[in-house]
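Hi,

Here is the structure I promised to pass on. Have a look at it first, then read my notes below.

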Amino acid sequence: MNTGMIPVFEEKLKKLLKKIEKQYELPKEERDKNFLKRMAREAKALRKLLKECREEMGTQCCPKCGHEMDIV
């Protein structure tokens, strides 16, 4: 897998999370459930992909703080 694309995936994930937050700012009746489900599914897939890329690169994130650690 090409680990050079990690910054692109991270930016896309941040944008997706912002879109989801905007939807949650709307009143409950106006929220688009299908949109939220799709975006949540896509965000989950991106997180999984980022995790796999980092493991392949040899770095792993701390589950508590998110700080990257090198795997030796």
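Of the 72 residues in this protein, 22% count as buried, where buried means under 20% relative accessible area, exposed over 50%, and partly exposed in between (1.4 Å probe, protein chains only). Before you go further: this is a predicted model, so local features need pLDDT of at least 70 and side-chain atom pairs count only at pLDDT 80 or more, while totals for chains, interfaces and linings use all residues. Residues are numbered from 1 along each chain as its sequence is written, and side-chain values use heavy atoms, with hydrogens and water left out.

Now the layout. You'll find two helices and two strands, and from the N terminus on they run α-α-β-β. Helices (H or I, at least four residues) and strands (E, at least two) are DSSP runs, numbered from the N terminus.

Start with α1. It has 20 residues and reaches 29 Å from its first C-alpha to its last, close to the 28 Å expected at 1.5 Å a residue; the expected span is 1.5 Å times one less than the number of residues. Its buried residues are I6, F9, L13, L16, I20 and Q23. Seen down the axis of α1, they fall within an arc of 100°, so they line one face of the helix. (The arc is that of the directions from the helix axis to the C-beta atoms.) Why does that spacing work? An α-helix has 3.6 residues a turn, so residues three or four places apart point the same way. On the other side of α1, K15, K18, E21, K22 and E25 are exposed.

What do the buried residues of α1 pack against? They pack against α2. Buried in α2 are F35, L36, M39, A43, L46, L50, C53 and R54. Leaving aside neighbours within four places in sequence, F35 is in contact (heavy atoms within 4.5 Å) with K19 and Q23. After α2 comes G58, with a positive phi near 105°.

Finally, the largest nonpolar core has 12 residues, including F9, L16, M39 and L50. A nonpolar core is a set of buried Ala, Val, Leu, Ile, Met, Phe, Trp, Tyr and Cys residues joined through side-chain atoms within 4.5 Å. The elements giving two or more residues to this core are α1 (6–25) and α2 (33–57), and α2 supplies the largest share, seven residues.

Cheers

How values were computed:
The arc is that of the directions from the helix axis to the C-beta atoms.
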